[in-house]
Amino acid sequence: MNISRRTLMRGIGAAGLAAAAPGIFSPAIAQSKPVRIGILAPRSGAMGTVGECGIRAVQWATERMNKDGGIAGRPIELVIEEETSPKDTIERFRRLVLQEKVDCVQGLISTGVSLGVAPVAEEEQALLIMWDGTTQDGVKEAMPKSQYVFRSTDNECEAVMASLLSIKYFKGKIKRIAGINPDYSYGRNNWEAFQQILKRAGVEVEVVAEQWPKVGTMDLTSHVAALKAAKPDFIFSSMLFADLPVFMKQGSAAGLFEGVNLALPAAGWQINQLKKEFMPENIVFGHNTLYFALPNASPLQKAFVEDYMGRYKEAPSWEADRAYFALAAYKAGVEAAAKATGRWPKLTEIIESIPKQKIESLGGPGQFRADKIAEQTFYQGLSTNQNSYDFPTLKTVDSFTADQLQKPPGVDFWEWLKTSKLPV
Amino acid sequence: MTVFLDVLLGGVFHAAILFLVAAGLQLVFGVQKVINLACGSFYALGAYFGITAVGLASAAGFPAWTVLPVLILAGLAIGLVGLPVERILRTVYRRDESYQLLLTFGLLLMFQDVFRFFWGATPRTLDNAYLAYGTAEFMGLRVPTYNLLVIAASIAIAVALGAFLQKTRTGRIIRATAENRDMSEGLGVNSSRVFAAVFTVGCMLGTVGGALVVPASASSLEMAVELVVEAFAVVVIGGLGSMRGALAGALIVGLIRAAAIMVLPEAEILSIYLVVIAVLILRPAGLFGKAMA
């Protein structure tokens, strides 16, 4: 499979080069060999859906960029490998760097895997730009001074935003809260952040139930029964894999959501699986950094969403934006450095250049901070089923930038939550 | 009381599915003395094929209420895959148990790629089927009718299987072969055919279980491995090779899990394996198992 995919990508690269419009770069650069981008993304398992979405987006971006001259006149060629366990992914990362001799590796969604790969990237002095992976040990940044590793926004951004919107839309109606969150640090930190933000906003609540299904649990009937028994008026769930649609389906059938408001900060990852039949309306619904039906979306987003939905008959999730952002950031960094030096830049020059570039990504503007952590635009809002799709959209769209939702460099997340100026 | 019933039904629903898979495992071990690690694959196969069958039935204009019979028929039909799989297993019947374990584990992994090839890596769901039968309300309780139908179907299958093994001539032949293969062969029983039939029925129990669970959940590449671990907990508690043990083990696992989720969610997995450990220490053969020499 990989060989044919590589062949295909080489084809795309060659076709792009042939079709490349005359660019601003010198012929010396333009005639060079392709820029090889290694991609590490999950293609199966709980994250298979989102990994596939990211791969489709990076392929779309490659095709589009190649038609426009590639990166500094060189066509882009993708070498795609699968992200699986940390151990196996590290081996594939090394293979991409040492054997395939890629110029940059992009991808990674699981923080568990990213934490393993990032030190190897530093050791190999290889540029790594993550889509959704972080180097957070819980909420603590484990690599505050990375040289070669660019990370995604912090994992807690969507939970912070969903908590703030819960207060904005449901203050006065939240008395008895229940949580059902995935049983690992992401789920536990999100649930804790939600409670801390409620506390800071002066919303006094009683925690009536906490459920921690392990990722991939597909029979949640007992969890639903336990939540029902607790009689909450608000449920917060940062479930984000295939178990979220299962939870919503089983909860709806059991009448769990009657008279209950919900916040699902990461629901957008499973947007196509969350069918109207079992989705109540007015959920605080998170789309992270790409809301596919954004009113007044940029021409770039419109073009992407139209192509994507036309081709795959489903809506793209935010992983598409993360994949595009990573490639666009690399392209912008290389081209700015190439323009400054008049030649193909050295790796250190590219790394220095990337954080200085403002990127127009699919979901909106973004930029890497000096500490190589991304700042992007986040979208959430209240859901509605009044649309032409078979899944919910947003009837109100709120957008925050990551600097409003993310701890600054070197600051403790929990301290920041207590003292920061929150946007709601 | 309502809360208790709600939790009880949640646990019994989980147990109903577990029972089907564990019963297949028990049947195969009881007769063929093969610990079939691939039983989880049959469960996943039933789930994937169930989705395809319901999709085809829906496209052919079958009404929504036919979901359950379509799923059961789909499970039975795809369960016939047991026949060729059993042919492969014949190569290791007389060998050390470790060969059987390795072969069935290999099959488990290979099936994962088969699912990926035919159905892709993305988890698949049956979106509307779960709510096709509406919800039942009684004693202040609201339960998806589908859950009750699955519980009823599992009970019916358990009763039918018990009656088949105890009351029919073929059942007696199967039990005789399980007791003493050489003696039954000496009396004219074609054990190869018995093995093929038993393995296929065991396989069908798994595929029907997978097909029945999919409207309430989703099919995924991991579901085979996840279930096989739980099914073995059922078998250890109930006793290897015992159908009654499968029933008791499934109920114990399902109910303990449901109770733990209600009382101490963090102990969901721990509670099951505490029981497994207790059974292994106090009654190593399981609640209904026979001690082996």
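**Sheets, domains and a chain contact in a predicted model**

Good morning. In chain A, five strands make up an open sheet in the order β2-β1-β3-β4-β7, with parallel pairing. Two strands pair if DSSP finds at least two bridges between them; helices (H or I, at least four residues) and strands (E, at least two) are DSSP runs, numbered from the N terminus. The edge strands of this sheet are β2 (76-82) and β7 (149-150) of chain A, each of which pairs on one side only.

Before going on, a word on the source. This is a predicted model, in which local features need pLDDT of at least 70 and side-chain atom pairs count only at pLDDT 80 or more, while totals for chains, interfaces and linings use all residues. Residues are numbered from 1 along each chain as its sequence is written, and chains are lettered from A and ligands numbered from 1 in the order in which they are written.

Chain A has another open sheet, of three strands in the order β13-β14-β15, with antiparallel pairing. At its edges stand β13 (359-360) and β15 of chain A, each with a single partner strand, so one side of each is left without a neighbour in the sheet. β13(A) and β14(A) run antiparallel and are joined by two bridges; A:Glu360 has A:Pro365 in β14(A) as its bridge partner.

How is chain A divided into domains? Domain 1 covers 2-153 + 296-375 and domain 2 covers 157-288 + 377-419, with bounds that come from an automatic or database domain assignment. Their C-alpha centres lie 30 Å apart. In chain A, 19 residues of domain 1 are in contact with 22 residues of domain 2, contact meaning that the C-beta atoms, placed from the backbone, lie within 7 Å. On the domain 1 side, β14 (365-368) and β15 (374-375) of chain A are the elements that give two or more residues.

We turn now to chain B. Here 35 residues of chain B are in contact with 31 residues of chain A. On the chain B side, the elements giving two or more residues are α1 (2-32), β2 (141-144), α10 (223-238) and α11 (243-263). Which of them gives the largest share? That is α1(B), with seven residues.

Finally, α10(B) and α11(B) pack at an angle of about 120°, with their axes 7 Å apart. They are therefore oblique to each other: angles under 35 degrees count as roughly parallel, over 145 as roughly antiparallel, 65 to 115 as roughly perpendicular and the rest as oblique. Among the residues that meet are B:Glu230 and B:Val234 in α10(B), and B:Ala246 and B:Ile252 in α11(B). Thank you.

Methods
Two residues are in contact if their C-beta atoms, placed from the backbone, lie within 7 Å. Axes are lines fitted to C-alpha atoms, for helices over the stretch in contact, and angles run from 0 to 180 degrees between N-to-C directions.
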